[in-house]
Amino acid sequence: MTEAAELPPAPEVAREVFGDRFGDAVRYAELLAEAGVQRGLIGPREVPRLWERHILNCAVLSEVVPEGVTVCDVGSGAGLPGIPLALVREDLKITLLEPLLRRTNFLTEVVELLGLDHVTVVRGRAEEVMGTVPPVHVVTARAVAPLDRLAAWGIPLLRPYGEMLALKGDTAEEELKSAAAALSKLGAVSTSVLHVGEGVVDPLSTVVRVEVGESPGGVRFAAKRAKAARTGRVRRRR
């Protein structure tokens, strides 16, 4: 049996990034290294690089998230990037959306343990929750799927003029080019590749930003969204 890798101490820069929540960030790292590995949410080989490759890599996404908005982290998994983002930005209202029960159980435990009152855990697939999860300003995701497929899941969850922020790797530019037609059909009006985390992570974190117009998801989702809104109004009257 392979001996579990040891979690290294938090780098000094993490104190600056997380501020008053530094202790909670350390506890989250410990949970990932222990329960996260035991439950198969993160590979044991990732433990030595949890801080740089995962936690800080996700925390710096906060640099491009507007102030005071609602966020849905699609396919949240072990809480990346949603949990680090929540630790850095208490001004946000964040929904962690994840279909697998063992992952939502872990996320719920983390949220309760760290006292993240501005975070909600929802079990479900992105394509199934329209009408139950209110449209958000920002959708986030990391390592969930190729960009065209990810956009088909995430963009319909946005409010008009919202944006999807997807953490990607070296192939971000190529993915964006190959997904151009699909993004246009989904109502995207602007796309860009951003690099964040100067002085915190090396290499910098790469973020694909997809901004939408007045019809997130395109024509196909307009009727579905209207129907969900009508159903919601009827439920509230009752």
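Biologist: Which residue of strand 3 stands opposite Ile-94?

Modeller: Ile-94 faces Val-119 there. Bear in mind that this is a predicted model: local features need pLDDT of at least 70, side-chain atom pairs count only at pLDDT 80 or more, and totals for chains, interfaces and linings use all residues. Numbering runs from 1 along each chain as its sequence is written, and side-chain values use heavy atoms, with hydrogens and water left out.

Biologist: What makes strand 2 and strand 3 a pair?

Modeller: Two strands pair if DSSP finds at least two bridges between them. Strand 2 and strand 3 (residues 119–123) are joined by five bridges, so they qualify, and they run parallel. Leu-97 is part of this too, standing opposite Val-122 in strand 3.

Biologist: And what is a "strand" in this numbering?

Modeller: A DSSP run of E with at least two residues; helices are runs of H or I with at least four, and both are numbered from the N terminus. The protein has nine helices and seven strands by that rule.

Biologist: Why is strand 2 called mostly covered?

Modeller: Buried means under 20% relative accessible area, exposed means over 50%, and partly exposed is in between (1.4 Å probe, protein chains only). Five of the six residues in strand 2 count as buried. For the protein of 238 residues, the buried share is 50%.

Biologist: Why is Tyr-161 called exposed?

Modeller: Tyr-161 has 60% relative accessibility, over the 50% cut-off, so it counts as exposed. This residue of strand 5 also has a positive phi, near 65°, though it isn't a glycine.

Biologist: Is Glu-163 buried or exposed, and why?

Modeller: Its relative accessibility is 10%, under the 20% limit, so Glu-163 is buried. Glu-163 is in strand 5 as well.

Biologist: What makes the link between Glu-163 and Arg-209 a polar contact?

Modeller: The term covers a pair of N or O atoms within 3.5 Å; within protein, one must be able to donate a hydrogen and the other to accept it, and residues adjacent in sequence count only if both atoms are side-chain atoms. The two side chains meet at 2.7 Å, so the distance passes. Using plain contact (heavy atoms within 4.5 Å), Glu-163 touches residues including Pro-66, His-137 and Val-210, leaving out those up to four places away in sequence.

Biologist: What makes a set of residues a nonpolar core?

Modeller: They must be buried Ala, Val, Leu, Ile, Met, Phe, Trp, Tyr or Cys residues, joined through side-chain atoms within 4.5 Å. The largest such core has 49 residues, and Phe-18 and Ile-83 have the most contacts inside it. Helix 2 gives the most to this core, with eight residues. A second, separate core of 26 residues includes Val-74 and Leu-147. In soluble globular proteins, nonpolar side chains tend to be buried together.

Biologist: Which residues does Ile-83 contact, neighbours within four places aside?

Modeller: Tyr-28, Leu-96, Val-110, Val-111, Leu-114 and Leu-116.
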